[in-house]
Structures are given as structure tokens and as C-alpha cells.
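Please look at the sequence and the structure below, and follow the backbone slowly from one end to the other.

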Amino acid sequence: MDMVIVGKFLLNERIFDGYIGIQDGKISKFSLRKLKGDSEVRVGRGQMILPGLIDVHVHLRDFEEYKKETVESGTKAALHGGVTTVFDMPNTKPPIMDKKTLRMRKFLFRKKSYADYALGFLLAGNEPVQADFYKIFMGASTGGIYSKNFEEDFRKAPGIVSVHAEDHELIQKYPERPPIVEVTAIRKALSAAEKLKKPLHICHVSTKGGLHEILSKKLPWVSFEVTPHHLFLTEKDYERNKFLKVYPPLRSEEERRYLWSRIKDIPIIASDHAPHTPEDKEAGSAGLPGLETEVHLLLNAASKGLISLWDIVKKMSINPARIFGIKNKGWGEGKDADIIIVDMKREWTVKAENFYTKAGWTPYEGWRLKGKVIMTILRGEIVMEEDEVIGKPRGERIVRAGSAEGSVGSREEHQGI
């Protein structure tokens, strides 16, 4: 074996003290018996081995907005935060809406990405080309482009669609975007998904009403995500700090608590990392940076018993890989050896100055958290250790297994020990 990691790891809801063998960048074996390798990583007391995480909602800017974030800075931020695969959102400047711009994006990622990645394509009345996933805005957000005919754009998409569900007409009527703006759009999106029976992923669900609509429909080909900022912040935080403007907006404490009450039913947690600079925020830009804090906020929540470590693994590794049909990712023998080591006992203070993102600020400045990603391994190579990203960009594009498979929330079977 090329490498063996020794220590406590989480698999099939259980903690094992054993060995993980890595060969040719893949997980070759989970074992309770000793394995020998060319190199060995020993995990210390209070530390845990988890899969590298998949963030299905990341804005990496670059192109004409390289001062906000670049593929290099954003994917370094991902590795620093324990995220080994990012889904690149296509509402860039220029937007990824044609073959030429997608080709430019592909070239950029091949040269500059430190993490593995999926490439998105934006649909708003244009013709789709082959991409890893498709993005549709039902109402304007950053970039201002939205679909004037959601069902038609959804119908045309050759693969899974990630939808920003805020209703355009209601935004004109209610620019502060109250819950009805999201709930109405989710209803429309679900109606189209039911009719067309096509895979749909609903981004950043933030309301009790929106969550209720999705869960009551029980469409197995529809998935959704919730962001950490909707789990950990409220409109009261926004009242104190206008930098916390985001779409959909931060909600009431009641809505936030409801999301936590249904945490077991939420298939995916994703950051919606939006690296606006302080200057952008002063000018009214909506969106929050989150790649380097999302996993840590969840680890801290796990230390308080709000969420289990296995839930984090499911919502940020197993489910994203299954729902988006990623053949080479997940947490099992034969999958890419994307691994993070977390120190569950380490307490630390969030400071934007220590982050890799170009955003230059964080909503969680000064928060004291328990739980820290201390090592990130990408396809069998150590790429981040003790806050330092190591080596050159070696990110690769995901391998698609075709259309997304399996029903949301179904139990995933793994190769055991």
C-alpha cells in the first residue's frame, strides 16, 4: 500500500479503531487488522478520520471578478476547511452559458484548482451543453440573470438541475424576500419536477414552509440543501450587521429552530460560499463566505449534541456523491482516498485573517469553536496540514456515473470491514 492511516474512523454509523489502506489514490481497505504501507499517518487522541467533504454549492468568481476570489484562492480555502470537492456555480462574469465560456472555465480549473471539482452551466433561455450539473435562478440574485420560463429551461437540461428557488414576480412585490417568495418558487419547482420526473436539487432552503412542501411531496428524484448560515444565524444578526445580507435572507429564530428540528430529513448541507469583499458588502452585495467555516460550525454543533458526526458524513459526502451521481466519490473501498482528520477537542477562534479566501471577512469573526480540521488528504496525498495548504494545484474533475440515482434519504450501503 502507498499509505496507511491509523486511528479512529467513522463507517456505517460506527466508530472503529483500525487502519485505512490507500493504493493508487483510492481507498483499498478498511481494516481492524494491521496494514503495512510505504508511509503511515497516525491519528492522535481525540482525533477522528472522516471522508473529505463535498460542497455542492460554491461561487468561485474568477474571470473578470478575480479580485473577489479566484479558482486558486477558493479551492485552497476549500481544502483548508476540509472540503475536497467543490461544485462551481456558473453565474460568473461572464456567465457560463455557452460552450466557449465553459471551455475557458475547464481550462482555468485544470490549471489552478487545488480541490476536485464539478463544472456547472447556467440556463436562462439558452441552449444547454454537456456539463456536470445545471443551475437555474427562478429570480434574480448575484449577476442578475434568471429564467423567465423555469419549466422550459428545466425540461431542456440534460442532467441534474440545481435551482435557486425565489419567485421573480414576488421579489418585485416584496424586495425584502419574505418566506412566501421562497415557498411559492419551491411549489412551482416541485410541480415541474413531478410533471417531468427529472432530477432536481433545491438550493439553500431557509423556511419551514419550503421544507414542508418538499418533504410532503416525497419525490424521490428531488433533493435539497440547507446552508450553515441559515442554521446558525438569524435576521436579528442581520439587523446588527448589514454585511449579513444574503439571498434567501436570514430568517427568524423560529424558522432557524425548525430547520434544526428536521435536521435528520435534510439530505445535504452546502455553504453557498459567496466571496464578496467588504467593499462589495458596503455596496449592498448579497452573499456570505463560508468554505472555511461550514465544517467547523458543524463539528462545534456535534460537540454540543445538535448533530451527529455520521450525519455530517452523510450530508456532506455520501448523499452528495449519490444524489449527483459522482462515481469516484463517497466513503467506501474503491472510492477516491479523500480524507480529513479532525481534532474534536481543539478549541479555536475564527479570524478572517487566517483564511485563504479573498473575501477578507467572515460572518463568524470572533466565534469560539470546538473541533478543527487539522489534515486534508486528496486522492491519497496530503494537501493541507495544520492550516497550511501544501503542494501544487492537482484538482481533477469528478467522474459522473450518469444521471443521479437513488431516493433522497435512503440508507446507503457500504463495504464494511
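Does Arg 177 count as buried or exposed, and what is its relative accessibility? In this predicted model, Arg 177 has a relative accessibility of 5%, and because the cut-off for buried is under 20%, Arg 177 counts as buried. This arginine is found in the loop between helix 4 (168–173) and helix 5 (179–196), and its phi is near 55°, a positive value in a residue that is not glycine.

Arg 61 is the other arginine to consider here, and it sits in the loop that runs between strand 6 (53–58) and helix 1 (71–80). The phi of Arg 61 is likewise positive, near 55°, and Arg 61 is buried, with a relative accessible area of 3%.

## Two cis peptide bonds

As background, most residues other than glycine have a negative phi, and most peptide bonds are trans. With this in mind, look at the bond that joins Lys 93 and Pro 94, which is cis, with omega at about 0°. Pro 94 lies in the loop between strand 7 (83–88) and helix 2 (99–112).

A cis peptide bond also leads from Tyr 247 to Pro 248, and there omega is near -10°.

Definitions and conventions
Residues numbered from 1 in each chain as written. Predicted model: local features only at pLDDT ≥ 70, side-chain atom pairs only at ≥ 80, totals over all residues. Heavy atoms only, no water. Helix = DSSP H or I, 4+ residues; strand = E, 2+ residues; numbered from the N terminus. Buried < 20%, exposed > 50% of the residue type's maximum accessible area, 1.4 Å probe, protein only.
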